[in-house]
Amino acid sequence: MDSNKMTKEEREEAKFSLSGATLYGINAVIGSGIFLLPRAIYKGLGPASIAVMFGTAILTIMLAVCFAEVAGYFGKNGGAFQYSKRAFGDFIGFNVGFLGWAVTIFAWAAMAAGFSRMFIITFPAFEGWHIPLSVGLIILLSLMNIAGLKTSKIFTITATIAKLIPIVAFSACALFFIKNGLPNFTPFVQLEPGTNLLGAISNTAVYIFYGFIGFETLSIVAGEMRDPEKNVPRAILGSISVVSVLYMLIIGGTIAMLGSQIMMTNAPVQDAFVKMIGPAGAWMVSIGALISITGLNMGESIMVPRYGAAIADEGLLPAVIAKQNKNGAPLVAILISSAIAIVLLLTGSFEKLAELSVIFRFFQYIPTALAVIKMRKLEPNTQVAFRVPFGPLIPIIAVIISLLMIWGENPMYFVYGLIGVIISTTVYFIMKVLNKKFA
C-alpha cells in the first residue's frame, strides 16, 4: 500500500463529528450580513420586524426539515443533486446539480469580495487592495483544501468558534438590556410613508431570508461527515435552531438599545454593543464580522468543489473532476471552482450573478422538498434518522413559499432560471453523446 495514501481510519478521523458538523452548519449560515441586518429590516416595519424574523425562521426550518429527512437516505456528497437524481432521474438531477455548482461558485466569488471589503473597513491602510486580497484568499483556501479535509476542518471550526464569541456575547448582554429598552418597541408597527403592511412584510421577509441561507450546505458535504445518515439531519436542525435564536436576540437587542436611531448608523450592532459594554464592543463586533466572513469563505472552499465532484462521481460530468489526490481532496474540482471564482473577481461581473445565486438557491430547495414526497413512495420501508411530520403538508408549503419568495423578489428570476436550465440541459445532452462515443 502507498504510504502517502491516507488509510480508511485516517480519512474517517478527518471527517466532521456531529458537533463539528453542527458548527460547520452554523458557520455556513452566519456571515457578515447579520452585523448589518438590523438597519435593513427595521426600515420597513420598525420593531415589528422582529415578528417577521420569527416567522421567517419558522419558514426556514420548514425548508431545513425537508433537507434533514432526505439526507437520511444518503451518505455521500451532493445535497439537492443527489436527492433529485434518486427521486426524479438523471436529467432533473443533473440540472439541479449543474446549476447548483454554478451558483455556489458565483456565491463564493461574492463572499471573497465581501471579505476584502470587510478587511479594508477594519484596516483602512489596505485601501485599493480589494482584488489582491480576494484572489489571495481563494488561492490560500484552495491550497488548504488540497492539503486535505483535516486542515480545512480545523480552520473552519476554529473560525466558527471565534466568530461566535462576539455574537454570543452580544446575545447574552441583550437578555439583560432588552427589558430596559422596551419603550423602543412602541409603537410596534412603524410603516414607511407610502407603503402598505403586506408589501412591507413581504420585502422584509425576503431580506431576512438572505440571512438564513446556507443551511443546505451540510447536505452537500454529507460525505465528509461521520455517520452522515444520522448526523447530517441532526446537524441541519441543530445549526438552524441555534442561528434562529441568535438572530432574534441580536435584532431584539439592537432595537432595545437604539430604537429608531438604527436608521442613523451604518454599524447598528457595533453601536448597540458600545451602549452595552463601552468602546470595546465596537472593536469586538468589527473583528467578529471579519472572522465571520473569513469562516464563511472557508466553508465555501470545502463545499463548492465537492458539489462538482459529486456530479462527476455519478458519471454525469467527466470522471477526472471527481479524482482525489493522496489527501482525499477532489483536486481537479478544486482547481476548476477556484479558477472560475478568480475570473469572476477579475472581471467584476460577479455581483449581479451573486444576487441571482441567493434567489436561485430556491431552485435547490424546491426539488428537495418534492423529493421528500417522492422518496417516501420509492423507499417506504427505509428507516431514516428524521422524518418530517404531518405527511406531505410541510414539503408542499415549503414549495409554495419558495415560489412566492422568487416571485416577490422579481418575477424575471423565473426567466433567468429558465435560461439556466436551457444551458445545463445542453451540457447534459453533450455529455450523453460523449459518454456513448467513448464508452
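I am working from a predicted model.

**Entry 1: the overall fold**

I looked up the secondary structure before anything else. The protein chain has 18 helices and zero strands. Of its 439 residues, 55% are buried. I also checked how far apart in sequence the contacting residues are. Among contacts with a separation of 6 or more, 81% join residues 24 or more positions apart. The accessible surface is about 18500 Å², and carbon and sulfur atoms supply 69% of that.

**Entry 2: aromatic pairs**

Back to Phe429, now for its ring. I got 13 aromatic pairs from the search. In one of them, Phe91 and Phe429 have ring centres 6.0 Å apart and planes at 40°, so I log the pair as tilted. This pair links distant parts of the chain, with Phe91 in helix 6 (residues 90-122) and Phe429 in helix 18 (residues 412-438), 338 residues apart. Phe91 is partly exposed too, at 35% relative accessibility.

Phe115 is buried at 9%, and Phe119 is buried at 17%.

Which residues do ring pairs link into a cluster with Phe91? I wrote down Phe94, Phe98, Tyr428 and Phe429.

**Entry 3: helix 5 and Lys85**

Next I went to helix 5 (residues 80-88). Seven of its nine residues are buried, so the rest of the structure largely encloses this helix. The buried ones are Ala80, Phe81, Gln82, Tyr83, Ser84, Lys85 and Ala87. Just after the helix, Gly89 has a positive phi of about 100°.

Lys85 forms a salt bridge with Asp90 at 3.6 Å, N to O. Asp90 is partly exposed at 32%. Lys85 also forms a salt bridge with Glu314, at 3.3 Å, N to O. Glu314 sits in the loop between helix 13 (280-313) and helix 14 (331-347) and Lys85 in helix 5, so this pair ties together parts 229 residues apart in sequence. Glu314 is partly exposed, with a relative accessible area of 23%.

**Entry 4: the other salt bridges**

How many salt bridges does the count give? I got five. One of them joins the side chains of Arg376 and Glu69 at 2.8 Å, N to O. Here too distant parts of the chain are linked, since Arg376 is in helix 16 (residues 362-378) and Glu69 in helix 4 (residues 49-71), 307 residues apart. Are Arg376 and Glu69 buried or exposed? Both are buried.

**Entry 5: cysteines**

I searched the whole structure for disulfides and found zero. I looked up two cysteines anyway. Cys66 is buried at 1% relative accessibility. Cys173 also counts as buried, at 19%; the cut-off for buried is under 20%.

Pro38 is in helix 3 (residues 37-45) and is buried, with 2% relative accessibility. Leaving out residues up to four places away in sequence, Pro38 touches Ile251, Thr254, Ile262, Pro268 and Val269. I also noted that Pro38 and Ile250 are 8.0 Å apart C-alpha to C-alpha, with 212 residues separating them in sequence.

Met264 is in the loop between helix 11 (228-258) and helix 12 (268-277). Met264 is exposed, at 70%.

**Entry 6: a nonpolar patch**

Last, the surface. Phe188, Val189, Leu191, Leu197, Leu198 and Ile201 make a nonpolar surface patch of about 530 Å². Val189 lies in the loop between helix 8 (149-177) and helix 9 (197-210), and is partly exposed at 43%.

Definitions and conventions: Residues are numbered from 1 along each chain as its sequence is written. This is a predicted model: local features need pLDDT of at least 70, side-chain atom pairs count only at pLDDT 80 or more; totals for chains, interfaces and linings use all residues. Side-chain values use heavy atoms; hydrogens and water are left out. Helices (H or I, at least four residues) and strands (E, at least two) are DSSP runs, numbered from the N terminus. Buried means under 20% relative accessible area, exposed over 50%, partly exposed in between (1.4 Å probe, protein chains only). Contact means heavy atoms within 4.5 Å. Accessible areas come from the Shrake-Rupley method with a 1.4 Å probe; for residues, only the protein chains shown count as cover. A disulfide is a pair of cysteine sulfur atoms within 2.5 Å. Rings of Phe, Tyr and Trp (its six-membered ring) pair if their centres lie within 6.5 Å; planes under 30 degrees apart count as stacked, over 60 as edge-to-face and the rest as tilted. Patches are made of residues with over 30% relative accessible area and no salt bridge: like charges are joined within 9 Å, nonpolar side chains (Val, Leu, Ile, Met, Phe, Trp, Tyr) within 5 Å. A salt bridge is a side-chain nitrogen of Lys or Arg within 4 Å of a carboxyl oxygen of Asp or Glu.
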